[in-house]
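User: I'm new to this one. Can you walk me through it?

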Amino acid sequence: MCGIVGVVSNAPVNQLIYDALLLLQHRGQDAAGIVTQQERKFFMHKAKGMVKDVFRTRNMRALPGNVGLGQVRYPTAGNAYSEEEAQPFYVNAPFGIVLVHNGNLTNAVELRKELFSTDHRHTNTESDSEVLLNVFAHELERATRGVPLQKEDVFRAVRAVHKRIQGSYAVIALIAGHGLVAFRDPNGIRPLCMGRGADGTIMVASESVALEGTSQVLERDIAPGEAMYVSASGEITFEQCAENPQLHPCIFEFVYLARPDSVLDGMSVYQARLNLGETLAKRVISTVPPNQIDAVIPIPESSRPSAMQLAYRLGIPYREGFVKNRYVGRTFIMPGQGVRKKSVRQKLNAIASEFKGRNVLLVDDSIVRGTTSREIVQMARDAGANKVYLASAAPPVRYPNVYGIDMPTASELVAHGRSLEDIRAYIGCDALIYQDVDAMKSAVGRLNAGVSGFEASCFDGVYVTGNITADGISRLNEGRTQAEEDDADTSRLALPNADLA
């Protein structure tokens, strides 16, 4: 999961890209980078950390130019501790290209071998984004064959990329001295949209909130398989470059990843979460009689719209029972001290008056490992709750995700291979209610009749690219980023959530 942005303007773009990255910070906190172009020269600064920490005044002054890209990274593969894997990535031939990418290539291992043995191109990191850049660069070189670049060559290269690359990818790239190109995988798994400002500025970004928050007007989404090319003169051309494009957006964007004030593929994230609360209410009624629930309490932050709508439908008071500490820092490991697990209680605090003597229904957006849910349920009991019910706005997470979300291996998922009663007993709640898979898809899908389906593999085990095997998942898990206990905490409770970013 990453956030990407590209800008073409008649004025300097460094501040505009910085502001857009702040609005996309919820999509990645590990690293940030900006590249700008002045004439034919690129200027780049990237480093590990949050946007506000990576870019100082001196760094911004060193980013001149009216065209540029930016990215915030949340790593799912490769080396999370290497600043070399922060984006953008650069390659000098052909022309000079810089690229940012959101997604995950499922055939990166094979492509890396092809690049070395057949294309004679070198990659220097374990990042699949560098692989993607080199595949695009190779295909662009083949398309031009030494003659001046035309926009038709760019689209020919993107068509070739679609045929070679598997997985999810939303991409924005700059071709030195020529223009900006943006494209999306044939299933449209990861989001990408474009808009304009009153001054003629053109912006492409992962979410509409990056446009609206910087005074641009959302015009449209980049369609699955489609490429957009903005020439040096500002002319925009769109062309479909995939043979059989279908819109299968990642449903986890609507459950948790995206900001609620974004619109993805014509679907309001906030309305999607309200709809999920509506359908979840029906599931709750069939499990726990509403007259046995005194209050509905969300687990901050993304679950709030679903919890509010659920409470409204059940006619039960909605209450804020947890306060989130947004400033949790590192756990410092002193010499000789063992690794100390961070407690959820560092990140959340219960308001005892909302729990004491009550039967409470806690609502979360999803349940992944279950360890956090277990501790939160215990917090509610310690605060005096009589009974603690737990409802998830998403179905059980039973399968790994391979398309750019840091979803654990199957063995780490609390719902994998367990019955509902087993999960309930592990978490320790008095009743556990999950969203239904089909109800979830219907709740979000009715917001756009043009959706062919959803990438919902972590819930239903169906991988829309059709090329995922158990061996392939094992290979991908070998490259999966592992967090260290004394590194900055990137668990879901610690992230600057979409609702607050």
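Predicted model: local features only at pLDDT ≥ 70, side-chain atom pairs only at ≥ 80, totals over all residues.

User: How do β19 and β20 run, parallel or antiparallel?

Analyst: They run parallel, joined by six bridges. L362 has L390 in β20 as its bridge partner. Between the two strands the chain passes through helix α11, residues 371–382, and this β-α-β crossover is right-handed.

User: And how many bridges link β20 to β21?

Analyst: Four, and the pairing is parallel. S392 sits opposite Y434 in β21.

User: Switching to the core. Which residues touch the most other members of the largest nonpolar one?

Analyst: F252, V284, L310, L361 and F459 do, in a core of 54 residues. Several elements supply at least two residues each, among them α8, α10, β19, β20 and β21. The largest share comes from α9, with six residues.

User: What does V284 touch?

Analyst: Leaving out residues up to four places away in sequence, V284 touches I293, L310, L314, L361, A391 and I433. There is also a second, separate core of 31 residues, including A108, V135, I175 and A227.

User: Why would such residues gather like that?

Analyst: In soluble globular proteins, nonpolar side chains tend to be buried together.

User: On to the open sheet. What is the strand order?

Analyst: It goes β5-β6-β7-β8-β12-β13, six strands with antiparallel pairing. β5 (89–91) and β13 (236–240) are the edges. Each has a single partner strand, so one side of each lacks a neighbour in the sheet. On average, neighbouring strands are turned by 20° against each other, direction ignored.

User: How many bridges hold β6 and β7 together?

Analyst: Nine, between residues 97–105 of β6 and residues 167–175 of β7. L99 stands opposite A173 in β7.

User: Where is R121?

Analyst: R121 is in the loop between α4 (108–117) and α5 (128–144).

User: Does R121 count as buried or exposed?

Analyst: Buried, because its relative accessibility is 11%, and the cut-off for buried is under 20%.

User: What does the R121 side chain reach?

Analyst: It reaches the backbone oxygen of A93, at 2.7 Å. Setting aside neighbours within four places in sequence, R121 contacts V91, A93, L115, F116, N134, A137, H138 and E141.

User: A93 again. What kind of peptide bond joins A93 and P94?

Analyst: A cis one, with omega about 0°. P94 lies in the loop between β5 and β6. The bond from P300 to E301 is cis too, with omega near 5°. E301 is in the loop between β16 (295–298) and α10.

User: Why point those bonds out?

Analyst: Because most peptide bonds are trans. Likewise, most residues other than glycine have a negative phi.

User: Which loop holds E39, and what is its phi?

Analyst: E39 has a positive phi, near 55°. E39 sits in the loop between β2 (31–38) and β3 (41–48). At 72% relative accessibility, E39 counts as exposed.

User: And D265, buried or exposed?

Analyst: D265 counts as buried, at 7% relative accessibility. Its phi is positive as well, near 50°. D265 lies in the loop between β14 (263–264) and β15 (267–268).

Definitions and conventions: Residues numbered from 1 in each chain as written. Heavy atoms only, no water. Pairing = 2+ DSSP bridges. Axes fitted to C-alpha atoms, helices over the stretch in contact; angles between N-to-C directions. Core = buried A, V, L, I, M, F, W, Y, C linked by side-chain atoms within 4.5 Å. Buried < 20%, exposed > 50% of the residue type's maximum accessible area, 1.4 Å probe, protein only. Contact = heavy atoms within 4.5 Å. Right-handed = clockwise from strand over helix to strand, strands pointing away. Polar contact = N/O pair within 3.5 Å; in protein donor to acceptor, adjacent residues only side chain to side chain.
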